[in-house]
Amino acid sequence: MEIVFLMFIFVLAIFLGFELINKVPSTLHTPLMSGSNAISGITLVGALALAGSAEQELATILGTAAVALATINVVGGYMVTDRMLAMFKKKQGGNAK
Amino acid sequence: MSAENTELLINLVYVVSAVLFILGLKLLGSPATARTGNLISSGGMFLAVVVTLLDQQIIEYEYILAGIVIGGLIGAVIARMVEMTSMPEMVALFNGFGGLASLLVGWAALSVALLTATAINPVSVFTLVTIFLSILIGGLTFTGSVLAYGKLSEKISGRPFVYSGQRVVNSLILIAVLVCAGLFIQDPSDLNWLYLAVALSLVLGVMFVLPIGGADMPVVISLLNSFSGIAAAAAGFAIGNTLLIVAGSLVGASGIILTNIMCKAMNRSLSNVLFSGFGAVSSSTSTAVIEQGEVKPLSAEDAYYILEAATSIVIIPGYGMAVAQAQHVVKELQQLLEKNDAEVVYAIHPVAGRMPGHMNVLLAEADVPYDLLLEMDQINPRMDTFDVAIVIGANDVVNPAAREIESSPIYGMPIINVDQARTVFVLKRSMASGFAGIDNPLFFKENTRMLFGDAKETLGKLIKAFD
């Protein structure tokens, strides 16, 4: 039953993703990519439990490496997206800089 | 707190995180709210990480801390230092890290699962399939992305690499993957199948990106972006984590949509992009379609006189603007033209540059307001009303061969119809053909004038003429 439950979540999330992303204008496609990149760093959450379980040396090593890599994605992805989005300005009153 | 309550709390917070991710993506729907959206999404991530640390399985924090500090530092430094023109290769690299992380999580999940499995209660087939998938997709995302990074940063040649028998080799690798999957699921305790799976996934990534040329990179980056999400979702299935599944699928869907948009903008199917090196095909046909005429070069001075008299100007940037780092001089010219009471807009082709939205980010960096950037469908109907169209480092996306010459490899691709403007300026380094290696009849049209030289220098001369 758990398999069905997980598949349900998976399918619904994909449909939701299609609906959401279709509304993103093409001018924001690069920030969308780097931002979704950061979200895919969610692997971090999975890696945490594996790195800290101390059950097995191999799992700790692999988990720690995964934590580091996923954190690069999360931190780098969100920061660079913010940096980009800060540059998008509208015409009126947007030329403050 | 009891273990059960903790787990409940963690999962409830995961729901909140998922909502924040969704809200964040929703706010990305408009440039005005996008920055807030990104903040909200990062808040969701922060919550998820913090609450996961409460997990009672976690008894050692040193390694986690080390991983987070190292990864955070590297990520922050890259995010701060990267030039806007290098954004495509950075995104490619990040996709790769995400893929590798999923591979490692899959691997670690297997070794933990094997530890707790007994003869009566073995690891379920479902778990094994998802572990295999997260390793396979993660691995091919990793090497594919690293190769794409190399091509985009020009550390290796961006030319498509095709060899005879490529399809046979790829099919053999795919068969090997399937066989390996079967053996792995049958006997997961034999680690040789695991190692083989890892090796095959890495090889697959290389084989997948190798034949794809630089001009097709927008498609590949989008696809790898999607893969990095799907790999995360697969890892989520493997360890039974719903948040990984939700976030991974959102990213996967996003990448698929972008891939589709890019393919449509090139009038090619995904399989055509992936399996036929574009440059290699076109070089053989290009001799047949040459429609030679006279190229009319123009000095910057003469160009100035035309621009000064113009009242409406459209600028079409391409990858060449990124290479020449010309976005700031472009903006300067725009301001001078506006001071001269001319209307200036930009026309952006979906595949201009090396990733979706590449030009938009560069122009935003130069402080060009985003409402001046028009999409292809908005600009084409009124192209004939513009006095001057200035093409800066774009080639294939303005090539009328896509409309006129049926034998052209890009025939049918939607283009920006610059040739319908009253005068067309083409800023170009030399008469060499564009990235795809196709001749461009635009250069020989009656109303086209060529401004040869480095785009940045040419624009500099124009700006000087205005002063």
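Reader: Leaving aside neighbours within four places in sequence, which residues is A:Val80 in contact with?

Author: This is a predicted model, where local features need pLDDT of at least 70, side-chain atom pairs count only at pLDDT 80 or more, and totals for chains, interfaces and linings use all residues. Residues are numbered from 1 along each chain as its sequence is written, with chains lettered from A and ligands numbered from 1 in the order in which they are written. Contact means C-beta atoms, placed from the backbone, within 7 Å. By that test, A:Val80 touches A:Ser34, B:Ala79, B:Val82 and B:Met90.

Reader: Is A:Val80 buried or exposed?

Author: A residue is buried with 20 or more other C-beta atoms within 10 Å of its own, exposed with 12 or fewer, and partly exposed in between; C-beta atoms are placed from the backbone. A:Val80 has 28 such neighbours, so it counts as buried.

Reader: How many residues does chain B bring to the contact with chain A, and which helix supplies the largest share?

Author: Chain A gives 80 residues and chain B gives 98. By class, the chain B side has 63 nonpolar, 27 polar and 8 charged residues. Here Ala, Val, Leu, Ile, Met, Phe, Trp, Tyr, Cys and Pro are nonpolar, Asp, Glu, Lys and Arg charged, and the others, Gly among them, polar. Of the 98 residues of chain B, the largest share, 18 residues, comes from helix 4 of chain B.

Reader: What is the strand order of the open sheet in chain B?

Author: Helices (H or I, at least four residues) and strands (E, at least two) are DSSP runs, numbered from the N terminus. Two strands pair if DSSP finds at least two bridges between them. The sheet has 6 strands with parallel pairing, in the order 3-2-1-4-5-6.

Reader: What angle does helix 15 of chain B make with strand 2 of chain B?

Author: Axes are lines fitted to C-alpha atoms, for helices over the stretch in contact, and angles run from 0 to 180 degrees between N-to-C directions. Helix 15 (residues 358-365) packs on the sheet, touching strands 1, 2 and 3 of chain B. Its direction relative to strand 2 of chain B is about 145°.

Technical notes: Contact = placed C-beta atoms within 7 Å.
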